[in-house]
Amino acid sequence: MLLTGNHAVAYAVMLARPAVVPVYPITPQTPILEKISDLQLAGEFEVDLMTAESEHSAMTACITASLTGARVFTATASQGLLLMHEMLHFASGARTPIVMMNVNRTVSSPWGFWPDQTDSLSQRDTGWIQYYTESAQESLDTVIQAYRVAEQVMLPTMVVHEAFYISHSLEPVIVPAQAAVDAYLPPFDPAIRLDPDIGRSWGNPVNQELYYRFREAVGGSMDTVPALAVEADAEYGRAFGRSYGIVERYRMEEAEIAIVAFGAMAGTARVAVDALRAAGVAAGLVKLRLFRPFPIEAMREAVTGVPKLVVIERNFSPGAGGILHQELKAALCGMDGLPKVHGYMAGVGGVNVSPKRIEELTREALAEEPVPQSVWRR
Amino acid sequence: MRTNYEIDEAGVFLSGHHACAGCGEALAVRYVINTMGSRTIAVVPPSCIAIIAGLQPNSSMHVPIVHGTLESSAAAAAGIKRALVSQGKDGVNVLVMAGDGGTYDIGFQALSGAAERNEDMVYVCMDNEGYMNTGAQKSGSTPHLASTASTPGGKLTGKKNIAEIMAAHRIPYVATATVGYPDDLARKVAKARDMKGMRFIVVLTPCIDGWGLPENAAVGISRLAVETGVFPLIEVEDGVRYTINHGSKGVPVERYFEGQKRFRHLSPEQIAQLQAEVDEGWSLLQSRVECGPTG
């Protein structure tokens with residue numbers, strides 16, 4: 001089918017069979033909500049669609065429906081994600097395997113509607129697994145994989161793609177058969193749930209010792225995610241013929257520099273790498289697909305032997321710089337043969353970063369010594 | 001000892017909870033949860049109710065409780081009910097027990113949204129007219145001129161009429177109740193329990209500490225709230241059919257104020273002003289009954 005990224009997500013949601021979908025409209029997420037509504041009206045998707053009065057309530061209802069044993073989904077963007085912030089922490093603490101699509105959009109102020117990853121990256125400490133995708137097909141496939149991983153570790157999972165580049169661009173997308181998805185993703189049927197016959201409660205106040213133990217347990221589960229994500233992706237590949245890994249190496253043979261990117265930027269960087277290789281520059285791409293937990297081992301393995309890395313970013317944390325740049329340096333710190341790492345904040349605010357611009361920035365990084373800070377390069 | 005009420009209590013609420021001695025709210029929780037019964041899942045936001053419900057691993061109630069966030073109770077209840085329905089468990093009641101801060105103020109958006117969608121729940125607001133769990137600060141429910149920790153000179157504006165606000169959503173059932181009239185309270189909870197859609201009950205629960213009352217005063221002061229016309233006990237069905245169950249007996253409001261430290265600073269002029277406000281509210285309420293169809 002020819003689908004936009006957002007419509008591809010709606011089909012993935014239908015295939016995953018959530019029972020309850022509380023959602024609130026926000027640009028550029030709304031086509032997901034609208035498509036789910038259309039599929040429900042057409043009788044193709046049997047689901048309880050709750051038209052919440054805010055994203056905060058949508059996330060709250062996701063949490064309690066999940067605690068009651070229902071598979072759930074919601075979608076949001078930008079301000080909506082920020083409004084959910086309190087409940088994002090609550091969701092991971094409550095061990096609810098919610099799957100949410102976030103469509104990256106600039107956060108106010110000033111107002112903007114453009115692709116920028118700062119909305120979801122600023123939620124990195126909320127205890128959610130985060131995937132970033134590069135195409136409509138990858139978004140569809142990742143939503144299905146996300147349910148599998150989330151329900152294995154009982155942690156909420158955010159799948160993220162960027163406004164317009166992915167959300168509203170039409171691409172040929174293969175929509176898997178329902179029976180195949182059912183075989184891949186068993187029904188959600190947790191033994192512990194809110195039920196008078198079970199008699200368990202959730203969330204009453206705890207002492208310091210218990211709180212520590214709850215957080216430690218969340219951390220322990222997070223630590224298992226990279227291996228489970230690799231396994232879920234590999235099995236998806238066997239069932240559907242498409243897999244992505246959690247860290248992908250593209251044209252990395254004897255690379256003297258690797259571009260490190262995630263989301264739609266990775267797609268643009270592929271084109272730049274092809275051009276650089278054609279021009280005789282030994283450049284490759286390392287694409288990060290799983291951002292939380294940060295796959296430290298896989299990333300170290302992917303860049304081993306590469307003398308230089310250049311991170312091209314579409315996000316910004318004031319006072320810290322490009323967020324992937326900072327996260328990458330922290331992940332590599334102390335490794336043998338530590339690569340030099342350049343960080344360019346090129347696409348902040350949705351400023352277009354063309355393949356040619358990535359080529360230029362890669363050549364600049366090759367020619368110069370890196371500074372510790374991320375650098376503005378529009 | 002004379003018992004002046006008859007309630008069929010399910011034994012869901014247990015003794016040994018953490019409420020202050022003489023707490024009006026603990027009494028209300030007992031009547032509400034024992035009437036709702038054990039086939040119930042409760043949502044409790046941060047409030048005195050959360051303390052009464054218990055600290056992990058203890059619980060004072062024999063039902064599952066979700067301790068949610070302060071502003072989200074109605075949305076939390078909606079999520080539970082929808083999940084239950086998706087599993088074919090329609091028979092389980094979903095109950096919110098929230099304070100007035102979590103209802104009139106920060107929780108109002110979620111409550112109004114749930115009412116607009118006619119979500120299937122019983123929402124009980126335990127109204128002690130302030131943020132009593134955090135040390136008695138003013139809320140949207142605090143009465144005009146009452147002294148609180150954040151309005152020590154007296155609150156300059158009035159109490160929201162939450163029953164009328166909820167009735168304006170045209171939900172199936174709205175009621176007011178208080179612990180001094182336990183039969184009326186339990187009857188209303190039972191009636192709400194056996195209905196469908198959004199049901200809302202606001203229960204006036206005198207606070208020993210926040211109102212400045214002796215430990216044995218909660219029930220008596222709640223009866224005075226009704227008999228003075230400060231807090232009439234009513235039902236509103238489908239937003240239009242008003243019934244007054246217990247109302248003003250013409251007792252002067254001064255009798256209600258004199259036992260409470262929060263009104264101790266009032267001048268005779270201020271008391272006269274508040275009497276006029278109560279009289280106006282009482283006649284407005286009677287006009288609602290007369291205007292609507294009898295019920």
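How many residues of domain 1 of chain A are in contact with how many residues of domain 2 of chain A? In this predicted model, 27 residues of domain 1 of chain A touch 21 residues of domain 2 of chain A. The two domains span residues 2–237 for domain 1 and 247–376 for domain 2, and their centres, taken over C-alpha atoms, are separated by 27 Å. On the domain 1 side of this contact, the elements that contribute two or more residues are helix 6 (118–121), strand 6 (129–132), strand 7 (157–162), helix 9 (208–223) and helix 10 of chain A. Strand 6 of chain A gives the most to that side, with 4 residues. Sorted by class, the side of domain 1 of chain A that touches domain 2 of chain A has 14 nonpolar, 8 polar and 5 charged residues.

Two packed helices are described by the angle between their axes and the distance between the axes. For helix 1 (residues 5–16) and helix 7 of chain A, the angle is about 30° and the axes are 8 Å apart. Since angles under 35 degrees count as roughly parallel, helix 1 of chain A is roughly parallel to helix 7 of chain A. The crossing of these two helices is right-handed. On the helix 1 side, the residues that meet helix 7 of chain A are A:Gly5, A:Ala8, A:Val9, A:Tyr11, A:Ala12, A:Val13, A:Leu15 and A:Ala16. Their counterparts in helix 7 of chain A are A:Ala136, A:Gln137, A:Ser139, A:Leu140, A:Val143, A:Ile144 and A:Tyr147. By class, this contact has 12 nonpolar, 3 polar and no charged residues.

Helix 7 (residues 136–153) of chain A also packs with helix 10 (residues 225–240) of chain A, at an angle of about 135° and with the axes 10 Å apart. These two helices of chain A are therefore oblique to each other, and their crossing is right-handed. Helix 7 of chain A contributes A:Asp141, A:Gln145, A:Arg148, A:Val149, A:Gln152 and A:Val153 to the contact. From helix 10 of chain A come A:Val225, A:Leu228, A:Ala229, A:Ala232, A:Asp233 and A:Tyr236. The contact of helix 7 of chain A with helix 10 of chain A has 7 nonpolar, 2 polar and 3 charged residues.

Attention now turns to the partner chain. The contact between the chains takes 35 residues from chain A and 31 residues from chain B. Strand 1 (40–44), strand 2 (65–67), helix 3 (73–86) and helix 5 (108–116) of chain B each supply at least two residues of the side of chain B that touches chain A. Helix 3 of chain B gives the most, with 9 residues. This side of chain B has 15 nonpolar, 14 polar and 2 charged residues.

Strand 3 (residues 93–99) and strand 4 (residues 121–127) of chain B run parallel and are joined by 5 bridges, with B:Val122 as the bridge partner of B:Leu95. Strand 7 (residues 233–237) and strand 8 (residues 241–246) of chain B run antiparallel, again joined by 5 bridges, and B:Glu237 has B:Arg241 as its bridge partner. The hairpin of these two strands of chain B has 3 residues between the strands, and B:Asp238 takes a positive phi near 55° there.

Conventions: Residues are numbered from 1 along each chain as its sequence is written. Chains are lettered from A and ligands numbered from 1 in the order in which they are written. This is a predicted model: local features need pLDDT of at least 70, side-chain atom pairs count only at pLDDT 80 or more; totals for chains, interfaces and linings use all residues. Axes are lines fitted to C-alpha atoms, for helices over the stretch in contact, and angles run from 0 to 180 degrees between N-to-C directions. Angles under 35 degrees count as roughly parallel, over 145 as roughly antiparallel, 65 to 115 as roughly perpendicular and the rest as oblique. A crossing is left-handed if the near helix is turned anticlockwise from the far one by less than a right angle, and right-handed if clockwise. Two residues are in contact if their C-beta atoms, placed from the backbone, lie within 7 Å. Ala, Val, Leu, Ile, Met, Phe, Trp, Tyr, Cys and Pro count as nonpolar, Asp, Glu, Lys and Arg as charged, and the others, Gly among them, as polar. Domain bounds come from an automatic or database domain assignment. Two strands pair if DSSP finds at least two bridges between them.
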